[in-house]
Amino acid sequence: MSISAVPTFELERGLAADGYDVIVGFDEVGRGSLAGPVMVGAAAFRAVDLDSAQRTVPQYLADSKMLTEHRREALYELLRTWVDAYAVGAATNQEIDEWGISHALGVAALRALDEVEHALGVVEGGDMRVGAILDGPNDYITKALGSFEAPFVPVSAHVVTRVKGDQRCCSVAAAAVLAKVTRDRLMVALTEENPDYARYGWAHNKGYGSKAHRAAIAEYGPSDLHRVSWKLT
């Protein structure tokens, strides 16, 4: 498969030069799905280690949607140790129905941020500054910060949005792959564990609105994992 975009650490280095000690890339998966959670991956790097000899960009790292499933799976195992810390935050279909997709994404991202900050020893009141790169044009992370539903994070991140960040920024590209593989595996596992879920074809469509998926909803009705506030058929 031909990969045209090659992500770099250019924006991450810019944030490091601005004094941020930890740089976290974020990307989402499952926004347009009819069923299952939405997830936001967070891939974190210590600024002092961005230019280390061990920080060679893995071959084929790119926007997860541009990769074959086989390459995503292979990259997933590599990326888990290539980044300094990672997490995949989730918001359930019930939370999406209750809060709306934008706030659900923000809460999921903050759940991931909380986890990576703790993994890297970021503490409230310390002297570490956290910079973040979020794929897309809208900063739903800062909007969700301090809301009743969001977790408390030790240090609020300064968020920079970047359209096509998953193609341009190494941290965001890594977050995209980690989130995509995590969610895909979950949707497949659900169908293997419960035949009532298998009839919706999630092993193949991952909960997205394929023709077969919509036909199954029309025939069987929505499951307890469908986003019932959405147009399902």
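Leu 110, Ile 141, Thr 142, Leu 145, Ala 157 and Val 159 line the largest cavity. On a 1 Å grid over the protein atoms alone, a cavity is a set of points where a 1.4 Å probe fits but cannot get out, a pocket is an open set with protein on both sides within 12 Å along at least five of seven lines, and lining residues have an atom within 4 Å of a point.

A word on the model: it is predicted, with local features needing pLDDT of at least 70 and side-chain atom pairs pLDDT 80 or more, while totals for chains, interfaces and linings use all residues. Residues are numbered from 1 along each chain as its sequence is written, and side-chain values use heavy atoms, leaving out hydrogens and water.

The structure holds one cavity of 30 Å³ or more.

| Space | Volume | Lining by class |
|---|---|---|
| Largest cavity | about 30 Å³ | five nonpolar, one polar, no charged residues |
| Largest pocket | about 190 Å³ | three nonpolar, two polar, seven charged residues |

Of the 12 residues lining the largest pocket, Glu 28, Val 29, Gly 30, Lys 65 and Tyr 208 are the closest to its centre. Strand 1 gives the largest share of this lining, three residues.

Ile 141 touches (heavy atoms within 4.5 Å) Phe 26, Gly 106, Ala 109, Leu 110, Leu 134 and Val 159, leaving aside residues up to four places away in sequence. In the largest nonpolar core, which has 34 residues, Val 24, Phe 26, Leu 113, Val 116, Val 130 and Ile 141 touch the most other members. Such a core is a set of buried Ala, Val, Leu, Ile, Met, Phe, Trp, Tyr and Cys residues joined through side-chain atoms within 4.5 Å. Helix 4 (101-119) brings the largest share of this core, nine residues. Another core, of 18 residues, lies apart from it and includes Ala 43, Leu 79, Trp 82 and Cys 170.

Finally, helix 1 (residues 10-17) has Leu 11, Glu 12 and Leu 15 buried. Viewed down the axis of helix 1, its buried residues fall within an arc of 105 degrees, so they line one face. That arc is taken from the directions from the helix axis to the C-beta atoms. On the other side of helix 1, Glu 10 and Ala 17 are exposed. Buried means under 20% relative accessible area and exposed over 50%, with partly exposed in between (1.4 Å probe, protein chains only).

Key: Helices (H or I, at least four residues) and strands (E, at least two) are DSSP runs, numbered from the N terminus. Grid points are joined across faces, edges and corners, and a volume is the space filled by probe spheres set on the points. Ala, Val, Leu, Ile, Met, Phe, Trp, Tyr, Cys and Pro count as nonpolar, Asp, Glu, Lys and Arg as charged, and the others, Gly among them, as polar.
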